[in-house]
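Colleague: I would like to go through the labels on this model one by one. For each, please give the value and the cut-off behind it.

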Amino acid sequence: MVPELNEWSTSRLLTTAARIVEHSWNEKLLSIGITHAGLTTLGVLEREGTVTGVRLAQLVHVQAQTVGRTLDRLEKRGLVTRLRNSADRRSQRITITAAGVSAIEQAKNIEHELMADDGLASQELRDGLATVINELGPKKD
């Protein structure tokens with residue numbers, strides 16, 4: 001362990017760890033042609049079904065422009081489809097494809113390999129992270 005880590009605040013440890021995990025994820029996810037942001041987006045679509053771009057951005061907790069760039073990459077790879085909403089031509093209906101579902105399955109294997117070492121998937125760590133998300137994250141009405 002790096003000695004000065006003992007002097008870091010919890011928030012600095014958490015944000016640094018998150019960046020390192022995301023970087024490691026992205027390196028490994030390149031083998032299936034997606035990024036961590038793309039995987040998060042696919043996961044939401046798999047769970048929620050067809051949604052609008054605005055709703056997807058809310059569910060992923062990013063700005064609409066950010067999710068738009070992610071969707072561009074996913075659509076080029078055939079992992080999602082975007083159709084104009086017939087009720088509102090300004091909005092799109094986004095759906096995960098069979099290839100997108102397959103990418104999620106491949107990513108689950110990558111995640112298992114990445115997080116299986118050194119107790120990174122421990123329930124204690126998961127519980128602590130869930131507490132941070134629940135306490136500091138957006139509140140559901």
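Modeller: Helices are DSSP runs of H or I with at least four residues, strands are runs of E with at least two, and both are numbered from the N terminus. Thr41, for example, has its place in helix α2. The model is predicted, with local features needing pLDDT of at least 70 and side-chain atom pairs counting only at pLDDT 80 or more, while totals for chains, interfaces and linings use all residues. Residues are numbered from 1 along each chain as its sequence is written, and side-chain values use heavy atoms, with hydrogens and water left out.

Colleague: How many helices and strands does the protein have, and which pattern does it follow along the sequence?

Modeller: There are 6 helices and 3 strands. Their order along the sequence is α-α-β-α-α-β-β-α-α. The C-alpha trace spans about 60 × 35 × 25 Å along its principal axes.

Colleague: Why is Thr41 called buried?

Modeller: Buried means under 20% relative accessible area, exposed means over 50%, and partly exposed lies in between, with a 1.4 Å probe and protein chains only. Thr41 has a relative accessible area of 1%, so it is buried. Of the 141 residues of the protein, 27% count as buried.

Colleague: What does the side chain of Thr41 reach?

Modeller: The Thr41 side chain reaches the backbone oxygen of Ala37 at 2.9 Å. A polar contact is a pair of N or O atoms within 3.5 Å, where within protein one must be able to donate a hydrogen and the other to accept it, and residues adjacent in sequence count only if both atoms are side-chain atoms. Thr16, in helix α1 (residues 10-29), has a contact of this kind: its side chain reaches the backbone oxygen of Arg12 at 2.8 Å. Thr16 is buried as well, because its relative accessible area is 16%.

Colleague: How do you know how the span of α2 compares with the expected one?

Modeller: The expected span is 1.5 Å times one less than the number of residues. α2 has 13 residues and reaches 18 Å from its first C-alpha to its last, close to the 18 Å expected. Gly38, Leu39, Thr41, Leu42, Val44 and Leu45 are buried in α2. Arg47 also has its place in α2, but Arg47 is exposed, with a relative accessible area of 56%. After α2 comes Gly49, with a positive phi near 85°.

Colleague: What makes α6 lie largely in the open?

Modeller: The number of buried residues among the 14 of α6 is 0, so this helix lies largely in the open. α6 (residues 123-136) reaches 20 Å from first C-alpha to last, close to the 20 Å expected.

Colleague: Why is His61 called exposed?

Modeller: His61 has a relative accessible area of 58%, and is therefore exposed. His61 is in the loop between α3 and α4, and has a positive phi of about 65° although it is not a glycine.

Colleague: What makes a set of residues a nonpolar core?

Modeller: A nonpolar core is a set of buried Ala, Val, Leu, Ile, Met, Phe, Trp, Tyr and Cys residues joined through side-chain atoms within 4.5 Å. The largest has 26 residues, and those with the most contacts inside it are Leu29, Ile34, Leu39, Leu42, Leu45, Leu56 and Val80. At least two residues of this core come from each of α1, α2 (36-48), α3, α4, β3 and α5 (98-115). α5 gives the most, with 6 residues.

Colleague: Why is the second largest pocket called a pocket, and what is its volume?

Modeller: On a 1 Å grid over the protein atoms alone, a pocket is an open set of points with protein on both sides within 12 Å along at least five of seven lines, whereas a cavity is a set where a 1.4 Å probe fits but cannot get out; lining residues have an atom within 4 Å of a point. Grid points are joined across faces, edges and corners, and a volume is the space filled by probe spheres set on the points. The second largest pocket has a volume of about 180 Å³.

Colleague: Which elements each supply at least two residues of its lining?

Modeller: They are α3 (53-60), α4 (64-76), β2 (80-84) and β3 (92-96). α4 supplies the largest share, 4 residues. Among the lining residues are Gly53, Leu71, Arg82 and Ile94.
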